[in-house]
Each structure stands twice: as C-alpha cells, then as structure tokens.
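I am opening a notebook page for this protein. I will go through it piece by piece and write down what I looked up.

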Amino acid sequence: MKRDYYVSRLESLYKEYYGNGGCQFFSECEKGISKSCTFRFDKAKVGANYREKTVIPKIVFVGLEGLNGHQGIEKPETDKCYNPHYKGVRYVLAYLLSSYFSKERPDSVLKDRLKDYVETMEYFALLNCYKCAFGDKPKGRPHSESMKEHCQEILFSEIEALEPDIVVFQVKDKNKRPTNFEKNLANRFGKEELICGNEDTGAYWYTLPSGKRFIWIWTYHGSGRTYSQKQGWASNDISGKDYREKDLDPVLNAVLDTMRQLNLSENSAGNE
C-alpha cells in the first residue's frame, strides 16, 4: 500500500468533512475573528515515497500553519524547502531516517547542514493542527475556541487514514493546542506507556482503532524563529545544540531503540 492508497483514503475523508460547500464548522469557527481567512479546509501534504519502502517507517508531522495554504493533497517541498517552519521537521526527520540512507545522524538544525538529508523529505506526511488560517502574516494567526474544539476531530481522522508508525506533534505551547487535546488524544488512541521524556518533549505509545500501535512524539514547533528565542530549540546556539542535546535527541534515540527492538521482534516472529 503506497502513496496513492493513502491519498485515496484522505480524499474520501475530506469529501466527508469538506463536501457540500465546505467544512460544516466554518461559519461557527470564524465568528469573533476580525482578520480575513487566508486559507480554509486545509489538506495534508504527503511525500512522493510515503510507504514506498516497507522498511522505512511512516512518519507524520503535525504543526501550526505554514506560510502558504495548501488546499489540495500536495507533496512536501524537497530541494526548495526554504520554509522556516520546516526547520524542526527536517531535523527530526533526518535524525529518525538517517540510518536508512547510510548517513550519520544530523548535529545541527541549520539549513546548510540539513541539505545532506534532503531525500528524507519524500518519506513523510505533513498535517496542520488547524484547518483554516486567518490573517496574512505567518506569526500570531488567531484560533477561535470553535477551531480548537473541531479541528482536532479532522486531525485525528487524518492520522487514522495515514496509519503512521510515528507522529511528531510540534506544538509545545499548550495554549495553542486544541481544547483538551491531550485528553481527547488519549481517548481516541488509547495512550499507553511513556517511552521517554514528558508531554513537552517526549514519546508515548498509542494505538489506532485498527489495533496498530504507533509512537507519538511531543516537541517544539519547527519554525525558524523559535531557534533564536530564549527558550525552545536554541537558547544560545543557532544550531539548536542546547535543546537538542538536553531534551530532544535523548527522546529520538529512545524512539529509534524502540523501533529497532520492535523490528527485531517482528522479524523473529516471522521466522518461527
């Protein structure tokens, strides 16, 4: 089951949620927001090689809106991925997939260093936490309480359609997360044991309704602006060293160890 299969599942999902003239919650969600709607009823970006190789895990990233809206199911940028929102995405993706491309794990979030891992950008899917964006600037876009309540339902359904092995949720600020998100996530996907870290930066097991288990990783938003602030990816080093070495990399290492053990167990069972 390759990219076309998952795109087909998503299209059916969007027809259900966005059919008949648009999202049924749009009028409710835009109430109280004075800024014009930049894009609405957002759809996933799915890499050209998502599930192309069964040995490579299916990874889904979830973040806040990018600089431009995408209303059709597109492919993520690869060689031209200048979008600063991709900075954290590219680092985490390169870290998790480097061994599949016979490369060392990255040691920086700088664009020039991550260009060596550009091929990994074809093996993931990208989802927006919120499905509409209001305003013409990438920073400080408002989210109504209705958006915080309803967009997560669509997001959870997208995750089910994509059947990931790993979800990376890059919205650390709990004030920007949807309403009761952690509780609703656990109710939907049966939160299990902690792998490493916590709900700021950490990894947990969850389970899809189909019974398939997957790993959920919490981390910071991937925007380039975050790296130079006093907290976040980098407090005193634009390469992200402070946050990476203290918080993020240990979690990613634990995830890789867990996936390795899981693959060993599955291969052993298959040989019995």
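**Entry 1: what buried means, and strand 9.** I need one cut-off before I start: a residue is buried when its relative accessible area is under 20%. I also note that I am working from a predicted model. Where does that cut-off put strand 9, residues 213-218? I found 5 of its 6 residues buried, so strand 9 is largely enclosed by the rest of the structure.

**Entry 2: the whole chain.** I then stepped back. The protein has 272 residues, and 53% of them count as buried. I listed its secondary structure as 7 helices and 9 strands. I also looked at contacts between residues at least 6 apart in sequence. Of these, 72% join residues at least 24 apart.

Entry 3: In what order do the strands of the open sheet lie? I read 2-4-3-6-9-8-7, which makes 7 strands with mixed pairing. Strand 2 (45-46) and strand 7 (194-197) are the edge strands, and each pairs on one side only. I wrote down a general point too: strands of a sheet pair through backbone hydrogen bonds, either parallel or antiparallel.

**Entry 4: the neighbours of strand 9.** Strand 6 and strand 9 are parallel and share 4 bridges. Ile 166 has Ile 215 as its bridge partner in strand 9. Phe 169 stands opposite Trp 218 of strand 9.

I turned to strand 8 (residues 202-207) next. Tyr 204 stands opposite Trp 216 in strand 9. Strands 8 and 9 form a hairpin, with 5 residues between them. In that turn I noted Gly 211, which has a positive phi of about 100°.

**Entry 5: Tyr 206.** Is Tyr 206 buried or exposed? Its relative accessibility is 1%, so Tyr 206 counts as buried. I listed what Tyr 206 touches, leaving out residues up to four places away in sequence. Among them are Leu 185, Phe 189, Lys 191, Phe 214, Trp 216 and Trp 218. I checked Leu 185 separately. Leu 185 is 21 residues from Tyr 206 in sequence, and their C-alpha atoms are 8.9 Å apart.

**Entry 6: strand 4.** I moved along the sheet to strand 4 (124-128). Here 5 of the 5 residues are buried, so strand 4 is largely enclosed by the rest of the structure. Which way do its residues point? Phe 124, Leu 126 and Asn 128 point one way, while Ala 125 and Leu 127 point the other way.

I checked its two pairings as well. Strand 2 runs antiparallel to strand 4, with 2 bridges joining them. Val 46 stands opposite Ala 125 of strand 4. Strand 3 and strand 4 are parallel, and they pair over 5 bridges. Val 62 stands opposite Leu 127 of strand 4.

**Entry 7: helix 5 and helix 1.** I looked at what lies across the sheet. Helix 5 lies across strands 2, 3, 4, 6 and 9, running at about 170° to strand 4. For a helix pair I need two values. Two packed helices are described by the angle between their axes and the distance between the axes.

How do helix 1 (residues 3-18) and helix 5 cross? Their axes come within 9 Å and cross at roughly 155°. That angle is over 145, so helix 1 is roughly antiparallel to helix 5. The crossing is right-handed. On the helix 1 side, the contact residues include Tyr 6, Arg 9, Leu 10 and Leu 13. On the helix 5 side, they include Ile 154, Glu 158, Ala 161 and Leu 162.

**Entry 8: the cores.** I finished with the nonpolar residues. In soluble globular proteins, nonpolar side chains tend to be buried together. The largest nonpolar core here has 46 residues. Which of them touch the most other members? I found Leu 10, Leu 162, Phe 169 and Trp 216. Helix 5 (residues 145-162) gives this core its largest share, 8 residues. A second, separate core has 32 residues, including Ile 56, Ile 59, Val 109 and Trp 205.

Setting aside residues up to four places away in sequence, Leu 10 touches Ala 44, Val 46, Ile 73, Glu 158, Ala 161 and Leu 162.

Terms used: Residues are numbered from 1 along each chain as its sequence is written. This is a predicted model: local features need pLDDT of at least 70, side-chain atom pairs count only at pLDDT 80 or more; totals for chains, interfaces and linings use all residues. Side-chain values use heavy atoms; hydrogens and water are left out. A nonpolar core is a set of buried Ala, Val, Leu, Ile, Met, Phe, Trp, Tyr and Cys residues joined through side-chain atoms within 4.5 Å. Buried means under 20% relative accessible area, exposed over 50%, partly exposed in between (1.4 Å probe, protein chains only). Contact means heavy atoms within 4.5 Å. Two strands pair if DSSP finds at least two bridges between them. Axes are lines fitted to C-alpha atoms, for helices over the stretch in contact, and angles run from 0 to 180 degrees between N-to-C directions. Angles under 35 degrees count as roughly parallel, over 145 as roughly antiparallel, 65 to 115 as roughly perpendicular and the rest as oblique. A crossing is left-handed if the near helix is turned anticlockwise from the far one by less than a right angle, and right-handed if clockwise.
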